[in-house]
Amino acid sequence: MNKILLLFIIIVSSVFGQNYSKIYSTGEIHLDQKILLANINKLDIDAEGNLLVTDFLSKSIILFDKKGELIKVLDPTQCHPGFTWRPYLAKFADGYIIVLNSIPWGFKFNTDGTCLGDMDVSFIAPFKILGLSGRKLLGYHTNNTEEQHLSIMDQNGKQIKSFGIFPKKFKNLISRFEGGGIVVDSKGNIYQLNVSSPKITKYDKEGKYIKDIGDYPSYYRRFGKDPFYSIGPAQLFKAIKKIKGKSLATDLFLYNDKTLAILIQNEKGVRTYNLELYSTDGKHLNSKEISTDFNILAIKNEAIYSSFQPEMSSDGNIPNPVIKIFSLK
Amino acid sequence: MKLKRYLISILLVILLLLTFFNINRIVSDRSKVSHSIQEIRDVYNKYSLTFNKKKFPIITVKNVVDTSLNFKTIFKDSTIVIILAKTGCSPCQLRELKNLSALKKQKNTFKIVAILNEDDQFTALKLKKIAKINFPFYYSHDNNITVFNTFKKYPLVCLISKQRVEQALLPIPMDKEYSLKFYNKL
């Protein structure tokens, strides 16, 4: 009798246990029309729900509150005039905002958007960055194919520690193609994803390797070899064509403190995205495919953020993109 | 004693020679840098000159706001046409659109038209929005435009009269002065 009861509990818990399968809309944020915004290329959200938007076309970083009201357009000219401003990523760090610039350097701002200062002269902007506790920073450096690494830096970008495992076989793909990601949980464990594969590498807060998490889903179309291996500029466009039809691990998020979310981009004629969810211990949490036709910009506290462009108004203007929020069940 | 003096003199001479050598190296490096900016401009001037007298293709382009205002690219009177593309130098495109908006404000007699060589209304609308342009904006992907733009560099700015290019500008990334010189000559 006890055995039957135990079996019953196991079956019921596996059915009703945490097993995500569907994405559904929960709300929208309409951004202040006072500011002209072309695209939301990158998005970050802080603990209060404030939004940090990066727009490549207008070359601006804009801080909005959780309702979409404008707080400030970040402007480094007061703290570092004369620098070519071409930002590509802004992130909330521990008590400040870090902005990465295309001319590979960085700037710091207060959380109200006022200028705080520039980075250390030794700082080279990584491809991805995020804030760690103690006002530190974690960088994902992939530009130099021979020295791809993760680094823990102080708040000015001075390197404290370098570590990280990167697959040599796909170093050129990782260097050239936007993808992969880094997240940190509340215990300080670091998770790294590379664009070449949907597997996550887990490290402790000191950078010591713990284990690999994840596996290739059945729909995932892998690269056999690095498409950018040993090519010159002339072959670059041919290499880019080889990427079509393959799957790419384009981003990594922390869905909640115990759940990791991998964003996978697929192209089979039409571009689609899949989410693969894993617990921080490595358990796969979605037995069914979670598929969308829109890109995901950010995930914070179980809220998934994406952006949509409303139609043109009758006077020939297009309103600012709208942030749509989703969740999983 | 005499030997010491000779040695000191020789050392001084070597020091002086090294100093002159360094000064010469620094001066010639500076002139090399300024030459290279001029060299780039010379190359772009050469490219731009190849468009002179070229016939601009006649195609139908769609107005980004109102498709009933579709337009056939027949330019009898002097018109400045800026051709853009998604693959173009994005900061250059925005910069030139803003330059042309400023030109239109200064000299309202200029006819200016922007054409995005892509079948993408939203990209055109976003460029129009961010650059705050005050002249008509059209879009259409047409191979005749692609073929016309021999170097496939975007943006391309042409002054057209009687369907032929009179002057052309291929903007240089990060060189605002080069573009401003072109507009000042118009």
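A disulfide is taken here as a pair of cysteine sulfur atoms within 2.5 Å. This is a predicted model, in which local features need pLDDT of at least 70, side-chain atom pairs count only at pLDDT 80 or more, and totals for chains, interfaces and linings use all residues. Residues are numbered from 1 along each chain as its sequence is written, chains are lettered from A and ligands numbered from 1 in the order in which they are written, and side-chain values use heavy atoms, with hydrogens and water left out.

Searching the whole structure turns up one disulfide over all chains. It joins B:Cys89 and B:Cys92, whose sulfur atoms are 1.9 Å apart, and the link is right-handed, with 65 degrees about the S-S bond. For exposure, buried means under 20% relative accessible area, exposed over 50%, and partly exposed in between (1.4 Å probe, protein chains only). B:Cys89 is partly exposed at 23%, whereas B:Cys92 is buried at 2%.

## Salt bridges

A:Glu28 sits in strand β1 and A:Lys324 in strand β24 of chain A, 296 residues apart (strands are DSSP runs of E, at least two residues, and helices runs of H or I, at least four, numbered from the N terminus). Both ends are partly exposed: A:Glu28 at 42% and A:Lys324 at 25%.

In chain B, the side chains of B:Asp175 and B:Arg41 meet at 2.9 Å, N to O. B:Asp175 is in the loop between β7 and α5, while B:Arg41 belongs to helix α1, 134 residues away. Both residues are buried.

## Surface patches

Patches are built from residues with over 30% relative accessible area and no salt bridge; like charges are joined within 9 Å, and nonpolar side chains (Val, Leu, Ile, Met, Phe, Trp, Tyr) within 5 Å. Areas come from the Shrake-Rupley method with a 1.4 Å probe, and for residues only the protein chains shown count as cover.

On chain B, B:Tyr6, B:Ile10, B:Ile14 and B:Leu18 make a nonpolar patch of about 430 Å². B:Ile10 lies in helix α1, residues 2-49.

Conventions
Salt bridge = Lys/Arg side-chain N within 4 Å of Asp/Glu carboxyl O.
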